[in-house]
Amino acid sequence: QWLSADGPAMGAEFQSCQTVLITGASRGLGLQMVKQLVTGNHRPLKIIATAREPAAAKELKELSEKYKGLHVVPLDVVSQGSIEKALQEVGSLVGDEGLNCLINNAGIMISGDIETVTAEGMMKNFETNTVSPLMITKAFLPLLRKAAAKSTGMGIHRAAIINISSMLGSIELNCQPVTGLKCCPYRTSKAALNMVTRCLAVDLEADGILCTAIHPGWVRTDMGGAEAPLSKEDSISSVLKVIASLSEKENGGFLSYDGKPLP
């Protein structure tokens, strides 16, 4: 839907979004989001990229030195203390403008079927993929509300929370023989993230804050593997276009990277 005859459209229409924060930006899809946002024709004024260990995130550090308006902030998504420290730093960066777009991208994947699954694996996946996006959103709500108070309607021009989910979290699709991937911990954490998304959409609707879950596709990353059909560039080009186009119609929705609803 979002690919041109010449390949992916690299710059998403983010000119209406003043500030965006991306978690898990040191590698994979998070890093690709940062790359395409900073090089886009219509980019946010301030792009805040978080990483657990910024000093070790070489590519991210190089980007921040090259592009004005890109800020790297330390954040361990499973540490409440780290979340609170990041909130203080981000608050200083965005000031009275608040935060327009929070993209909860950080995640892990632990595999396991009924024979190999462990309680530890289930809890670790749940903590990172489900609980941490909720706790980060809760912490950053004052900044999102500050931005939301300055406009009307719904979308990244006002305030939005984007949870990067997966079609593997669709309960309905897992009832069909569409995949043999046995990853109960990961699937369960993403199904729960979809419910977190819907809960946030209901709870924050009165504030004008949009919340949507997006599946980025099966992408060639460390997590997705070399056999995945989508490149990071194509996936993120499409994802950013979808995010830029979101309105109240998609509040609480679960969308694929091409903008189509998922069950």
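This is a predicted model: local features need pLDDT of at least 70, side-chain atom pairs count only at pLDDT 80 or more; totals for chains, interfaces and linings use all residues.

Colleague: Which residues of S7 are on which side?

Modeller: Ala 160, Ile 162 and Ile 164 are on one side, Ile 161 and Asn 163 are on the other, and all are buried. Both faces of S7 are covered, in other words.

Colleague: How does S7 pair with S6, and over how many bridges?

Modeller: S6 and S7 pair in the parallel sense, over 4 bridges. Take Cys 101: its bridge partner in S7 is Ala 160.

Colleague: OK, zoom out. What's the strand order in the sheet?

Modeller: The order is S5-S4-S3-S6-S7-S8-S9, an open sheet of 7 strands with parallel pairing. From one strand to the next, the twist averages 20°.

Colleague: And which helix packs on the sheet over by S5?

Modeller: Helix H3, residues 80-94. H3 touches strand S3 (19-22), strand S4 (46-51) and S5, and its direction makes about 160° with that of S5.

Colleague: What about the S9 end, how many bridges there?

Modeller: Strand S8 (residues 210-215) pairs with S9 over 3 bridges, in the parallel sense. Ala 213 has Phe 254 of S9 as its bridge partner.

Colleague: Switching to the hydrophobic side of things. Which residues touch the most other members of the largest nonpolar core?

Modeller: Val 34, Ile 103, Ile 162 and Ile 243, out of 36 residues in that core. Elements giving two or more residues to this core include S3, S4, strand S6 (101-104), strand S7 (160-164) and helix H6 (232-245). Helix H1 gives the most, with 6 residues.

Colleague: What does Ile 103 contact, beyond its sequence neighbours?

Modeller: Leaving out neighbours within four places in sequence, Ile 103 is in contact with Val 20, Leu 21, Ile 22, Thr 23, Met 33, Ile 162, Ile 164 and Ile 243. There's also a second, separate core of 28 residues, with Leu 75, Val 90, Val 196 and Leu 204 among them.

Colleague: Back to H1. At what angle does H1 pack against H2?

Modeller: About 15°, with the axes 11 Å apart. That angle is under 35 degrees, so H1 counts as roughly parallel to H2. The crossing is left-handed. Leu 31, Val 34, Lys 35 and Val 38 of H1 make the contact with Glu 59, Leu 60 and Leu 63 of H2.

Colleague: And how do H1 and H6 pack?

Modeller: At about 65°, with their axes 9 Å apart, which makes H1 roughly perpendicular to H6. H1 passes H6 in a right-handed crossing. On the H1 side the contact includes Gly 28, Leu 29 and Met 33, and on the H6 side it includes Ile 236 and Leu 240.

Colleague: Last one: is Lys 138 buried or exposed?

Modeller: Exposed, because its relative accessibility is 58% and the cut-off is over 50%. Lys 138 is in helix H4, residues 119-148.

Colleague: How far is Lys 138 from Leu 200?

Modeller: Their C-alpha atoms are separated by 9.6 Å, while the two residues are 62 residues apart along the chain.

How values were computed
Residues are numbered from 1 along each chain as its sequence is written. Side-chain values use heavy atoms; hydrogens and water are left out. Two strands pair if DSSP finds at least two bridges between them. Axes are lines fitted to C-alpha atoms, for helices over the stretch in contact, and angles run from 0 to 180 degrees between N-to-C directions. Contact means heavy atoms within 4.5 Å. A nonpolar core is a set of buried Ala, Val, Leu, Ile, Met, Phe, Trp, Tyr and Cys residues joined through side-chain atoms within 4.5 Å. Buried means under 20% relative accessible area, exposed over 50%, partly exposed in between (1.4 Å probe, protein chains only). Angles under 35 degrees count as roughly parallel, over 145 as roughly antiparallel, 65 to 115 as roughly perpendicular and the rest as oblique. A crossing is left-handed if the near helix is turned anticlockwise from the far one by less than a right angle, and right-handed if clockwise.
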